[in-house]
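Please read it alongside the sequence and the coordinates.

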Amino acid sequence: FVEGSIVKITLKNFVTYEYCEIMPGPQMNMIIGPNGTGKSTIVCAIALGLGGSPALLGRAKNIAEFVKTGEDEATISIELKMVKTRNIVIQRSFKKVDNTNTWRKNDRVTSLRDILNTVRELNIQVDNLW
């Protein structure tokens, strides 16, 4: 894996997923499947989980619309490979009722600014996922 590579994605109550873990490999990865099986949802989770806004995706106006129907809160966790230190885990939790976000990095509450700085330092281009 190259530094900044996604090594694990965990979704909880996100769009159609109640719980899902994805562990991409170190080489090229593709998400394939029939229409309506959640491929785009995974890409949305990556973009939103790394600091992107719903407007970037063009699917919804606010983050609360990505919470699974019948649930109150959703969580996206993305583990990024680090070479000389332990991997970084970025987590975004958001609530349907008030459209609020909580950001965590390695289990510590942090700000969107800190997340965006981390993503930029790892040369991840969230707006280039589509």
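Which residues does T41 touch, not counting residues up to four places away in sequence? They are F14, V15, Y17 and R59, a contact being heavy atoms within 4.5 Å. The model is predicted, so local features need pLDDT of at least 70 and side-chain atom pairs count only at pLDDT 80 or more, whereas totals for chains, interfaces and linings use all residues. Residues are numbered from 1 along each chain as its sequence is written, and side-chain values use heavy atoms, with hydrogens and water left out.

**Sheet and helices**

- Six strands form an open sheet in the order β2-β1-β3-β4-β5-β6, with antiparallel pairing; two strands pair if DSSP finds at least two bridges between them.
- Helices (H or I, at least four residues) and strands (E, at least two) are DSSP runs, numbered from the N terminus.
- β2 and β6 (108-110) stand at the edges with a single partner strand each, so one side of each is left without a neighbour in the sheet.
- On average, neighbouring strands of this sheet are turned by 15 degrees against each other, direction ignored.
- Axes are lines fitted to C-alpha atoms, for helices over the stretch in contact, and angles run from 0 to 180 degrees between N-to-C directions.
- Eight bridges join β3 and β4 in the antiparallel sense, and E73 has K95 in β4 as its bridge partner.
- Helix α1 packs on the sheet, where it touches β1, β2, β3, β4 and β5 (101-105), and its direction makes about 105 degrees with that of β1.
- Helix α3 lies across β4, β5 and β6 and runs at about 45 degrees to β5.

**Nonpolar core**

- The largest nonpolar core has 31 residues, of which L11, F14, L50, F66, I76, I90 and F94 touch the most other members.
- Such a core is a set of buried Ala, Val, Leu, Ile, Met, Phe, Trp, Tyr and Cys residues joined through side-chain atoms within 4.5 Å.
- At least two residues of this core come from each of β1 (6-14), β2 (17-22), α1, β3 (73-80), β4 (88-95) and α3 (112-121), and α1 gives the most, with six residues.
- Leaving aside neighbours within four places in sequence, L11 is in contact with Y17, E18, Y19, C20, A45, T75 and I76.
- T41 lies in helix α1 (residues 39-49) and is buried, with a relative accessible area of 5%.
- Buried means under 20% relative accessible area, exposed over 50%, and partly exposed in between (1.4 Å probe, protein chains only).

**Aromatic cluster**

- The structure holds two aromatic pairs; rings of Phe, Tyr and Trp (its six-membered ring) pair if their centres lie within 6.5 Å, and planes under 30 degrees apart count as stacked, over 60 as edge-to-face and the rest as tilted.
- F14 and F66 are stacked, at 5.8 Å centre to centre with 10 degrees between the planes.
- F14 lies in strand β1 and F66 in the loop between α2 (54-57) and β3, so this pair ties together parts that are 52 residues apart in sequence.
- F14 and F94 are edge-to-face, at 6.3 Å centre to centre with 85 degrees between the planes.
- F94 lies in strand β4, so its pair with F14 in β1 ties together parts that are 80 residues apart in sequence.
- F14, F66 and F94 form one aromatic cluster; both F14 and F66 are buried, and so is F94.

**Cysteines**

- The structure holds zero disulfides, a disulfide being a pair of cysteine sulfur atoms within 2.5 Å.
- The sulfur of C20 is 14 Å from the closest cysteine sulfur, in C44, which is too far for a bond.
- C20 is buried at a relative accessible area of 14%, and C44 also counts as buried, at 0%.
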